[in-house]
Amino acid sequence: MSKFKTVEEWLGKDNTLGIDIWTRKYQYNNETFPEWIERVSGGDNEVANLIESKKFLFGGRILSNRGLNNLGEKVTLSNCYVITPPDDSIESIFDCAKKLARTYSYGGGCGVDISNLSPRNAKVNNTAKKTSGSVSFMDLYSLVTGLIGQNGRRK
């Protein structure tokens, strides 16, 4: 059982930024602060006490998502992922976009190394005759990032 009834008690009522972050990013479906502590600590009293005493705190994705899989949510507990850079083919480029979309949909983040892609105007063996270049595919990945909501992480 939490020794604090509200996040305001835990963070201090004047910590409006901290309270806003907790409410927007970590609180799930209007759960109470004690319910959040129970969920994030996994019911472990020692972990709960460490969090409440501010001696230990998980990373952001864990504070947001731990225990939600038990409620049927598809989430991740990691902030960042490394995915295989795309090869210089249209199939690989769009496979990479698909992996980005799936990772973002679970709340994770990615960076993409596009150094394998041909530069603008390089010869290609299709009707285009020349590639639009690596930067154009960077725009594709940026579009995917913007399209998939990340609980306020992208605006």
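Student: How far is the sulfur of cysteine 96 from the closest cysteine sulfur?
Tutor: Keep in mind that this is a predicted model. The closest cysteine sulfur to that of cysteine 96 belongs to cysteine 110, and it's too far for a bond. A disulfide needs the two sulfur atoms within 2.5 Å, and here the distance is 7.9 Å.

Student: Are cysteine 96 and cysteine 110 buried or exposed?
Tutor: Buried means under 20% relative accessible area. Cysteine 96 has 2%, and cysteine 110 has 17%. Since both values fall under that cut-off, the two cysteines count as buried.

Student: Moving on to the rings, is the pair of phenylalanine 33 and tryptophan 36 stacked, tilted or edge-to-face?
Tutor: The structure holds 7 aromatic pairs. In the one made by phenylalanine 33 and tryptophan 36, the ring centres are 5.6 Å apart and the planes meet at 35°. Stacked would need under 30 degrees and edge-to-face over 60, so this pair is tilted.

Student: Which helix holds phenylalanine 33 and tryptophan 36?
Tutor: These two residues are 3 apart, which puts about one helical turn between them. Phenylalanine 33 is buried at 2% relative accessibility, and tryptophan 36 is buried at 1%. Their helix covers residues 33–41 and is called H3.

Student: And what kind of aromatic pair do phenylalanine 56 and phenylalanine 58 form?
Tutor: Phenylalanine 56 is partly exposed at 34%, while phenylalanine 58 is buried at 18%. Their ring centres are 4.8 Å apart, with 80° between the planes. An angle over 60 degrees settles the type, so the pair is edge-to-face.

Student: Which residue has its charged end over the ring of tryptophan 10?
Tutor: Tryptophan 10 belongs to one aromatic cluster with Phe4, Trp22, Phe33 and Trp36. Leaving out residues up to four places away in sequence, tryptophan 10 touches Phe4, Phe33, Trp36, Ile51, Glu52, Lys54 and Leu57. The charged end over its ring sits 5.7 Å from the ring centre and belongs to lysine 54.

Student: Last one: where are asparagine 29 and asparagine 30 found?
Tutor: Each has a positive phi without being a glycine: near 45° for asparagine 29, and about 60° for asparagine 30. Asparagine 29 is exposed at 62% relative accessibility, and asparagine 30 is exposed at 69%. You'll find them in the loop between H2 and H3.

Terms used:
Residues numbered from 1 in each chain as written. Predicted model: local features only at pLDDT ≥ 70, side-chain atom pairs only at ≥ 80, totals over all residues. Heavy atoms only, no water. Buried < 20%, exposed > 50% of the residue type's maximum accessible area, 1.4 Å probe, protein only. Phe/Tyr/Trp six-rings, centres within 6.5 Å; stacked < 30°, edge-to-face > 60°. Helix = DSSP H or I, 4+ residues; strand = E, 2+ residues; numbered from the N terminus. Lys NZ or Arg CZ within 6 Å of the ring centre and 35° of its normal. Contact = heavy atoms within 4.5 Å.
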